[in-house]
Amino acid sequence: MIIIQFITIMILLLLILMLLINFIISKKMCKSREKISPFECGFDPMSKNRLPFSMSFYLISIIFLIFDVEISLILPMIFLSEYYYYLSYMNMMIIMLILLMGLYLEWKEGALKWFK
């Protein structure tokens with residue numbers, strides 16, 4: 001029992017020592033506007049007028065997420081196709097049909113055109 005208490009005290013002391021070292025080392029001595037401003041990729045943090053975010057980046061990321069979810073839905077069905085052949089096949093075809101209809105609508109709306 002005494003050994004467990006000793007180990008607990010040693011761990012706590014080590015923890016406190018590590019926290020103190022972290023606090024001392026991580027102090028920032030100079031605080032310029034550039035260093036304390038949040039970093040945003042593609043934007044100049046020093047300028048006041050920022051350009052609006054391009055919708056093309058947003059739409060491409062949404063399309064990527066949709067097809068990523070599609071992969072996670074279809075992969076388990078491949079393993080189930082041994083046991084439930086017709087049911088798995090029909091489910092895969094329905095999911096693919098919905099995705100192809102969505103892709104067609106995105107194409108017709110012009111969301112896939114990068115340059116306008």
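The protein exposes about 11100 Å², of which carbon and sulfur atoms supply 75%; accessible areas come from the Shrake-Rupley method with a 1.4 Å probe, and for residues only the protein chains shown count as cover. This is a predicted model, in which local features need pLDDT of at least 70 and side-chain atom pairs count only at pLDDT 80 or more, while totals for chains, interfaces and linings use all residues. Residues are numbered from 1 along each chain as its sequence is written, and side-chain values use heavy atoms, with hydrogens and water left out.

**View 1. Overall fold of the protein.** Buried residues make up 9% of the 116 residues, where buried means under 20% relative accessible area, exposed over 50% and partly exposed in between, with a 1.4 Å probe and protein chains only. Among contacts (heavy atoms within 4.5 Å) with a separation of 6 or more, residues 24 or more positions apart account for 37%.

**View 2. The largest nonpolar core.** Five residues, Ile-74, Met-77, Met-92, Ile-95 and Leu-99, make up the largest nonpolar core, a set of buried Ala, Val, Leu, Ile, Met, Phe, Trp, Tyr and Cys residues joined through side-chain atoms within 4.5 Å. Helix 3 (55-80) and helix 4 (85-109) each supply at least two residues of this core, and helix 4 gives the most, with three residues.

**View 3. Surroundings of Met-77 and Asn-91.** Leaving aside residues up to four places away in sequence, Met-77 touches Ser-88, Asn-91, Met-92 and Ile-95. Asn-91 lies in helix 4 and counts as partly exposed, at 32% relative accessibility. Asn-91 and Ile-74 are 17 residues apart in sequence and 8.7 Å apart in space, C-alpha to C-alpha.

View 4. The rings of Tyr-104 and Trp-107 have centres 6.3 Å apart and planes at 80 degrees, so the pair is edge-to-face. Both residues lie in helix 4, three residues apart, about one turn of the helix. Tyr-104 is partly exposed, with a relative accessible area of 45%, whereas Trp-107 is exposed at 59%.

**View 5. A nonpolar surface patch.** Ile-3, Phe-6, Ile-7, Ile-9, Met-10, Ile-11, Leu-12, Leu-13, Leu-15 and Leu-19 make a nonpolar surface patch of about 1000 Å². Patches are made of residues with over 30% relative accessible area and no salt bridge, like charges being joined within 9 Å and nonpolar side chains (Val, Leu, Ile, Met, Phe, Trp, Tyr) within 5 Å; a salt bridge is a side-chain nitrogen of Lys or Arg within 4 Å of a carboxyl oxygen of Asp or Glu. Leu-15 is in helix 1 (residues 2-25) and is partly exposed, with a relative accessible area of 43%.

Key. Helix = DSSP H or I, 4+ residues; strand = E, 2+ residues; numbered from the N terminus. Phe/Tyr/Trp six-rings, centres within 6.5 Å; stacked < 30°, edge-to-face > 60°.
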